[in-house]
Amino acid sequence: MTTTSDATTITSEAGTPAGLRTAGSTTGLSRADRATREEILYYCRESVRTGLNFNTQGNISVRLPGAHDGADAIVITPSDVRYDAMSGDDMVVVGLDGTVLEGDLLPSTELPVHLEHYRRRPDVQAIVHTESTFVNVLGALGRRIDPVLLNMVLYAKGPVEVMPFEFSTNADFGRRSAELMGDDVDAVVWGNHGLLAVGTSLKLAFKVAVAVEENAEVLLRASAAGTPKVLVYADIDVPEGARLP
Ligand SMILES: [Zn+2]
């Protein structure tokens, strides 16, 4: 789902998104610091620049530990704002229970999906949703993305499964998405739509999205020429002290 026009139509028809509660006026104490907001904005624009998203597709969120009266919250991109016109102040802060804590705009329509992924995996600190071409080629075929490149196996940590198409704006979809991703792999494909990548930081979640797209293209081309060698994360011996590329 895009963050813009079509998604917005769904949101505005429904009014406040289902399950969303508003905390009212904020205290003036920002739960999301400036650097986090600017980092999200940077990666939104990077996602378009690097071809992971077209137009205003996709969305990004980051976990804010303890920001909601001691419980976690997230900061997420708004719905219906062009990336080139977006500012850090447009980000929306939402408690993991769905309470909107800060922000004048509606959060991404895929907020319930992000929340379910954060609830399932306490290790997940950031989520990047993209709609890149080769991920979507394999997703449209319902074909699992096996790791054939080092970056893919290091960052995504395993084969990325494909969910059959359905609208991705509700918590049920989010729970199934998180379940299919599981606890050991850091991405899942939504068939006929795009990718959801997670990480222990936004920088890493973005690297996962890049790695899966690059891998999807090589897998597709290599499969057309022969049978590519598939890498298995558990079999990769990362040399001691070696850093992720
Ligand atoms: Zn989307």
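My entries follow, from the whole chain down to single residues.

**Ground rules.** I'm working with a predicted model, where local features need pLDDT of at least 70 and side-chain atom pairs count only at pLDDT 80 or more, while totals for chains, interfaces and linings use all residues. Residues are numbered from 1 along each chain as its sequence is written, and side-chain values use heavy atoms, with hydrogens and water left out.

**Whole chain.** I looked up the helices and strands and found seven helices and nine strands. Both are DSSP runs numbered from the N terminus: helices are H or I with at least four residues, strands are E with at least two. Next I checked burial: 51% of the 245 residues are buried. Buried means under 20% relative accessible area, exposed means over 50%, and partly exposed is in between, using a 1.4 Å probe and protein chains only. The chain exposes about 11,200 Å², with carbon and sulfur atoms supplying 53% of it; these areas come from the Shrake-Rupley method with a 1.4 Å probe. I also looked at contacts, meaning heavy atoms within 4.5 Å. Among those between residues at least 6 apart in sequence, 70% join residues at least 24 apart.

**Helix 2 and helix 7.** How do these two pack? Helix 2 (residues 34-49) and helix 7 (residues 202-225) meet at an angle of about 10°, and their axes are 11 Å apart. Axes are lines fitted to C-alpha atoms, for helices over the stretch in contact, and angles run from 0 to 180 degrees between N-to-C directions. On the helix 2 side I noted Glu 39, Ile 40, Tyr 43, Glu 46 and Ser 47, and on the helix 7 side Leu 202, Lys 203 and Phe 206. By class, that contact has four nonpolar, one polar and three charged residues. Nonpolar covers Ala, Val, Leu, Ile, Met, Phe, Trp, Tyr, Cys and Pro; charged covers Asp, Glu, Lys and Arg; the others, Gly among them, are polar.

**Helix 3 and Tyr 118.** I found eight of the ten residues of helix 3 buried, so this helix is largely enclosed by the rest of the structure. Among the buried ones are His 114, Glu 116 and His 117. Tyr 118 lies in helix 3 (residues 111-120) and is buried too, at 1% relative accessibility. Its side chain makes a polar contact of 2.7 Å with the side chain of Ser 61. (A polar contact is a pair of N or O atoms within 3.5 Å; within protein, one must be able to donate a hydrogen and the other to accept it, and residues adjacent in sequence count only if both atoms are side-chain atoms.)

**Ser 132.** Buried or exposed? Ser 132 is buried, with a relative accessible area of 0%. I located Ser 132 in the loop between strand 6 (126-130) and helix 4 (133-140). The side chains of Ser 132 and Glu 213 are joined by a polar contact of 2.7 Å.

**Positive phi.** Most residues other than glycine have a negative phi. I noted Lys 157, whose phi is near 75°, in the loop between helix 5 (150-155) and strand 7 (162-163). Lys 157 is partly exposed, at 28% relative accessibility. I also noted Asn 192, with phi near 60°, in the loop between strand 8 (187-190) and strand 9 (194-199).
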